[in-house]
Amino acid sequence: MPSRPVVVLILLFWLAVLGVVAYREVVPRFFGSEPPTPEFVAADELSQATISWTIYRGPADKPTDEKIGKMTSRTEYVADDDSFRFVNNYHKLKLTLLAFEVNVVSATTVLRVDRDGRLKEQTLRGNAEIDTGWLGGGQKLTATAEAGGVVKDGFLEGSATLTAPDLLSEPSVGTFTPVAVPDGQVLNPLMPVDRLRGVTPGKRWTVRQVDPLREALSELMVKGLQEEFAKQGGGKKTPTAVTLPPPPELLAEVLLHPVPLDRPGGPVSCWVIEYRCEKPKIEARTYVRRDDGRVLRQEATAYGDRLRFERDE
């Protein structure tokens with residue numbers, strides 16, 4: 001059994017893995033000033049077509065990327081309340097964070113919005129195998145997480161369950177404190193969706209990340225750690241808070257001229273949305289095919305890593 005400090009690191013790390021799915025894999029919840037948004041067309045209401053993506057990762061200072069997993073995305077129309085559900089499924093995603101090697105066996109994120117793009121529901125679930133390396137004596141641990149909430153009167157309300165049988169004596173289950181959700185559009189062009197509308201050359205806007213479910217999970221993580229430390233006893237100080245770094249703001253701009261993107265069938269002319277942040281240093285791009293608005297590539301460089309989603313066709 002790893003020491004208590006290692007238990008803390010591993011559990012916080014699992015929270016970070018969920019953050020990776022929601023942020024570093026280009027699925028963060030962004031609010032901006034009239035950014036391009038996923039296109040709602042009649043086909044969305046009649047079809048649930050699945051889009052496949054291949055995920056690549058590589059060092060920011062080298063041109064080579066390694067395939068690390070697959071993802072599928074789809075948009076579902078919910079006739080009961082005229083809303084739309086964006087579903088992303090990740091498969092066999094291999095990650096390296098801190099000193100740990102992680103295999104995200106599967107993970108699913110769901111974002112449900114009304115026709116104006118306002119958040120109505122947010123859920124996620126996932127399971128992973130974690131190689132603790134030298135910090136945990138080479139143990140391979142398993143962990144699962146499931147969380148979800150609905151927006152009521154401007155607050156996300158819900159619950160979460162964290163299961164880590166090698167670390168926690170029993171699942172950590174709890175209802176999280178309601179988290180405020182800003183009113184307005186939550187959809188953004190960094191989501192791996194089918195198409196984008198409103199991609200106009202020279203258009204600029206500010207993007208800031210808001211993820212109420214992540215905030216709720218951090219609170220429940222602290223609660224679970226406190227309970228586990230109390231059970232283990234020993235009088236050592238228990239964790240009292242998890243300080244998440246403030247979400248960085250990004251400046252987004254559509255380039256003035258189209259860019260050719262290499263595809264299996266030959267170069268394709270694309271509009272490119274560029275995102276940048278100086279502190280921390282973040283750069284990202286969305287490639288949108290000119291003739292039909294389909295998103296063909298999402299890529300981001302941050303914290304020394306480059307991550308790329310390539311649409312399979």
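Student: How much of the chain is buried?
Tutor: Buried residues make up 50% of its 313 residues. Keep in mind that this is a predicted model.

Student: And how many helices and strands are there?
Tutor: The chain has three helices and 18 strands.

Student: What share of the contacts join residues at least 24 apart?
Tutor: 60%, counting contacts between residues at least 6 apart in sequence.

Student: Switching to charges. How many salt bridges does a search of the whole structure find?
Tutor: The search turns up 27.

Student: Which residues are linked in a network?
Tutor: Salt bridges link Asp-65, Arg-263, Arg-297, Glu-299, Arg-306, Arg-308 and Glu-310.

Student: What does Lys-281 pair with?
Tutor: Glu-278 is one partner, with the closest N and O atoms 3.5 Å apart. Glu-283 is another, at 3.8 Å.

Student: Now Arg-289. Where is it found?
Tutor: Arg-289 sits in strand S16, which covers residues 282-289.

Student: Why does Arg-289 count as buried?
Tutor: Because its relative accessibility is 16%, and buried means under 20%.

Student: What does Arg-289 touch?
Tutor: Leaving out residues up to four places away in sequence, Arg-289 contacts Val-268, Ser-269, Cys-270, Arg-294, Leu-296 and Glu-313.

Student: Which residue forms a salt bridge with Arg-289?
Tutor: Asp-291, with the closest N and O atoms 3.5 Å apart. Arg-289 is buried, whereas Asp-291 is exposed at 66%.

Key. Residues numbered from 1 in each chain as written. Predicted model: local features only at pLDDT ≥ 70, side-chain atom pairs only at ≥ 80, totals over all residues. Heavy atoms only, no water. Helix = DSSP H or I, 4+ residues; strand = E, 2+ residues; numbered from the N terminus. Buried < 20%, exposed > 50% of the residue type's maximum accessible area, 1.4 Å probe, protein only. Contact = heavy atoms within 4.5 Å. Salt bridge = Lys/Arg side-chain N within 4 Å of Asp/Glu carboxyl O.
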